[in-house]
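The following note sets out points for a colleague who wishes to read this model at the level of individual residues. Please keep the structure open while going through the points.

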Amino acid sequence: MYNRTAKNLDTGTQLHSASFARKQTGSESAVQFVDSREGTAAQLKLQAMANNSIASHSVSANPVVQRLKGATGTAQEDDDVTFTLNQEFIDKHVANDKTEAEQVTERRIATGKPPGIVEGTAPNNLAKEADWTTAIKGSTDSVPPEGDWSCEYGKSEEFNERLTKVSVPGWEAQGKTGSVKVKATTNKKYVGGLWCVDGGTDNGEGGFTEGTATVTVDISHLTS
């Protein structure tokens with residue numbers, strides 16, 4: 001059975017896996033009409049413009065629901081995956097107002113790391129927990145990322161520091177201890193963490209039967 005381990009952030013070691021074929025999904029909603037009658041090029045162009053206008057109106061009236069979705073071969077393929085913001089993430093990046101954002105950042109500085117935040121040269125990005133969660137749910141990125149897993153691997157897990165990029169209203173806090181300044185901002189960052197695929201039906205060859213394994217994600221990391 002194929003098992004992965006988390007990436008070591010201190011050494012920068014990265015895990016790679018063999019690529020695997022993914023099913024290409026999608027749909028085409030545009031309908032083409034063939035007019036066998038005689039007509040000029042101008043008439044045909046006007047008809048095409050009318051069709052495009054109708055199609056555009058339909059799309060805006062029925063927006064696609066976006067989410068962090070399961071990868072091909074998992075039980076949650078193209079559907080929601082279970083994720084959590086772990087305590088490490090909450091302790092570093094969750095606040096409910098400017099005052100709390102300052103307090104959280106002061107506590108990070110007191111730990112002595114990371115150097116950029118301790119020295120006041122790098123900002124700490126914060127937002128309400130509900131806003132982080134909403135932004136992650138709004139992602140269309142697949143987990144595991146494309147090429148990182150297939151049914152033949154069986155149980156697998158890996159740390160990925162850039163699972164999906166989010167845009168979240170919140171605060172940016174920066175400065176040395178005792179002089180942290182906070183300003184409102186829109187945090188545009190990548191969230192990362194440990195993804196795991198497990199619980200699938202054994203296919204007798206060390207892997208899982210397609211569509212039976214479950215994906216979970218433990219969010220712990222924020223980066224540019």
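What pattern does the chain follow when read along the sequence? The chain follows α-β-β-α-α-α-β-α-β-β-β-β.

1. Basis of the note. This is a predicted model, in which local features need pLDDT of at least 70, side-chain atom pairs count only at pLDDT 80 or more, and totals for chains, interfaces and linings use all residues. Residues are numbered from 1 along each chain as its sequence is written, and side-chain values use heavy atoms, with hydrogens and water left out.

2. Overall composition. The secondary structure of the chain comes to five helices and seven strands; helices (H or I, at least four residues) and strands (E, at least two) are DSSP runs, numbered from the N terminus. The chain has 224 residues, of which 36% are buried. Here buried means under 20% relative accessible area, exposed over 50%, and partly exposed in between, with a 1.4 Å probe and protein chains only. Among contacts (heavy atoms within 4.5 Å) between residues at least 6 apart in sequence, 71% join residues at least 24 apart.

3. Helix α5. This helix spans residues 129–137, and its buried residues are Trp132, Ala135 and Ile136. Seen down the axis of α5, these buried residues fall within an arc of 100°, so they line one face of the helix; the arc is that of the directions from the helix axis to the C-beta atoms. Ala130 and Thr134, on the other side of α5, are exposed. The cover over the buried residues of α5 includes β2 (82–85), α2 (87–93), β3 (124–126), β5 (156–174), β6 (181–198) and β7 (214–223).

4. The aromatic pair. Rings of Phe, Tyr and Trp (its six-membered ring) pair if their centres lie within 6.5 Å; planes under 30 degrees apart count as stacked, over 60 as edge-to-face and the rest as tilted. The count by this rule is one aromatic pair. Phe89 and Trp132 form it in an edge-to-face arrangement, at 5.4 Å centre to centre and 85° between the planes. The pair links distant parts of the chain, with Phe89 in helix α2 and Trp132 in helix α5, 43 residues apart. Both Phe89 and Trp132 are buried.

5. Nonpolar cores. A nonpolar core is a set of buried Ala, Val, Leu, Ile, Met, Phe, Trp, Tyr and Cys residues joined through side-chain atoms within 4.5 Å. The largest has 26 residues, of which Trp132, Ile136, Trp149, Val217 and Ile219 touch the most other members. The elements giving two or more residues to this core are β2, α5, β5, β6 and β7, and β7 gives the most, with four residues. A second, separate core of ten residues includes Ala95, Ala101, Leu126 and Ala173.

6. Not counting residues up to four places away in sequence, Val217 touches Val81, Thr82, Phe83, Thr84, Val143, Leu163, Leu194 and Trp195. Ser220 is found in strand β7 and is buried, with a relative accessible area of 11%. Neighbours within four places in sequence aside, Ser220 is in contact with Asn86, Glu88, Phe89, Phe159, Gly192 and Gly193.

7. Salt bridges. A salt bridge is a side-chain nitrogen of Lys or Arg within 4 Å of a carboxyl oxygen of Asp or Glu, and the count by this rule is five. One of them joins Lys92 and Glu88 (3.0 Å, N to O); both residues lie in helix α2, four residues apart, about one turn of the helix. Lys92 is partly exposed at 26%, as is Glu88 at 40%. Another salt bridge is formed by Asp198 and Lys155, whose closest N and O atoms are 3.7 Å apart. Asp198 lies in strand β6 and Lys155 in the loop between β4 (142–143) and β5, so the pair ties together parts that are 43 residues apart in sequence. The side chains of Glu161 and Arg162 also meet in a salt bridge (3.2 Å, N to O).

8. Cysteines. A disulfide is a pair of cysteine sulfur atoms within 2.5 Å, and the count by this rule is zero. Cys151 is buried, with a relative accessible area of 15%, and Cys196 is buried at 14%.
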